[in-house]
Amino acid sequence: MTQALTGIVLAGVVAACWVLGRPKRNILRSTDASAIAAINRSQMELVIPAGTGDAKGQTSGLTVQLPAAHDRRGRGLLLKQLEAQFRAGGEARRSAMAVCQLWRHREALPLMRRGLRDADQVVAALAADAMTHFRGRSSAPVAAAQPLKLPRNVSRMR
């Protein structure tokens, strides 16, 4: 009787591992959200007037195709383009900071930090505005400090 129960329990554990170990189906694998994003942008343009704010007014005239979150090649190309614009100086540097402000991606943080130290006050203001998105709690969880273990012979220490 014990061997039969052991066999049944073992078969149940194997079945549970098999069911729980199967890969989950990705429901939105083939869904392209670019059309929805375009609709949202057009609706936002209707609600928010184009000429509001001094630093924000400069970014509203920009038309840049920002890469999707999963497009590594597009992100790399955009970063290289932003680096080149930042090195060019002048109006190109301002437009690079405006694109960083619109993009809001972690890979643009080094460029934004350089913009904070820029001599041009407009570039520094745009970089500061772009950095406001990243202020606050970080996405990486901070490990809690583990309490120190007492020595084995703590009774002798007191």
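Reply: Contact, or touching, means that heavy atoms lie within 4.5 Å. This is a predicted model, in which local features need pLDDT of at least 70 and side-chain atom pairs count only at pLDDT 80 or more, while totals for chains, interfaces and linings use all residues. Residues are numbered from 1 along each chain as its sequence is written, and side-chain values use heavy atoms, with hydrogens and water left out.

The chain has eight helices and zero strands, where helices (H or I, at least four residues) and strands (E, at least two) are DSSP runs numbered from the N terminus. Of its 158 residues, 19% count as buried; buried means under 20% relative accessible area, exposed over 50%, and partly exposed in between, with a 1.4 Å probe and protein chains only.

Let us now turn to the core. A nonpolar core is a set of buried Ala, Val, Leu, Ile, Met, Phe, Trp, Tyr and Cys residues joined through side-chain atoms within 4.5 Å. The largest one here has 18 residues, and those with the most contacts inside it are Leu-82, Met-97, Cys-100, Trp-103, Leu-111 and Met-112. The elements that give two or more residues to this core are helix H4 (72-88), helix H5 (91-103), helix H6 (109-116) and helix H7 (121-131). In soluble globular proteins, nonpolar side chains tend to be buried together.

Leu-79 has its place in helix H4, and because its relative accessible area is 19%, Leu-79 counts as buried. Leaving aside residues up to four places away in sequence, Leu-79 touches Trp-103, Glu-107 and Ala-108. Between Leu-79 and Cys-100 there are 9.3 Å from C-alpha to C-alpha, although the two are 21 residues apart in sequence.

Finally, H5 and H7 pack at an angle of about 10°, with their axes 8 Å apart; axes are lines fitted to C-alpha atoms, for helices over the stretch in contact, and angles run from 0 to 180 degrees between N-to-C directions. H5 is therefore roughly parallel to H7, since angles under 35 degrees count as roughly parallel, over 145 as roughly antiparallel, 65 to 115 as roughly perpendicular and the rest as oblique. On the H5 side, the residues that make this contact include Met-97 and Cys-100, and on the H7 side they include Val-123, Leu-126 and Ala-127.
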